[in-house]
Amino acid sequence: MDIQKIILDYKPNIKESSAKSYRNTIKTMIEYFNNEQFYMDYNKTMKYINSFKLTTAKNKLSSVVVLMKALNANNILIEKYSGELKKMSDAYNDFNIWFV
């Protein structure tokens with residue numbers, strides 16, 4: 001699977017460096033789970049993602065959501081992951097408001 005091409009086809013206006021970052025994140029997760037469709041196991045994927053600090057977890061989850069949307073994967077799982085991403089983004093924003 002050419003992850004970078006799939007993402008660039010889905011989001012043609014992003015920079016190539018962003019697509020490479022998504023690709024690298026996804027490739028790392030594929031290698032960790034030894035499964036190209038690791039994202040289909042929501043609990044295992046979220047346990048892995050939540051093992052990282054908030055900013056890293058948010059970036060990993062964002063990559064998962066973008067890939068799943070690009071692949072037209074399971075909409076119910078996309079909604080679940082998107083909900084978690086929103087929670088992480090809100091927590092990140094709440095934390096960073098103290099540093100403005």
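The axes of helix H2 (residues 16-33) and H3 come within 12 Å and cross at roughly 115°; axes here are lines fitted to C-alpha atoms over the stretch in contact, with angles running from 0 to 180 degrees between N-to-C directions. Helices are DSSP runs (H or I, at least four residues) numbered from the N terminus. Thr28, Met29, Tyr32 and Phe33 of H2 make the contact with Lys44, Thr45, Tyr48 and Ile49 of H3, contact meaning heavy atoms within 4.5 Å.

This is a predicted model, so to speak of local features takes a pLDDT of at least 70 and side-chain atom pairs count only at pLDDT 80 or more, while totals for chains, interfaces and linings use all residues. Residues are numbered from 1 along each chain as its sequence is written, and side-chain values use heavy atoms, with hydrogens and water left out.

Thr45 sits in helix H3 (residues 42-49). Because its relative accessibility is 0%, Thr45 counts as buried (under 20% relative accessible area, with a 1.4 Å probe and protein chains only). A polar atom of the Thr45 side chain lies 2.9 Å from the backbone oxygen of Phe38. Setting aside neighbours within four places in sequence, Thr45 touches Met29, Phe33, Phe38, Tyr39 and Tyr81.

Buried residues in H4 include Ala57, Leu61, Val65 and Met68. Just after H4, Asn72 takes a positive phi of about 50°.

Notes:
Helices (H or I, at least four residues) and strands (E, at least two) are DSSP runs, numbered from the N terminus. Buried means under 20% relative accessible area, exposed over 50%, partly exposed in between (1.4 Å probe, protein chains only). A polar contact is a pair of N or O atoms within 3.5 Å; within protein, one must be able to donate a hydrogen and the other to accept it, and residues adjacent in sequence count only if both atoms are side-chain atoms.
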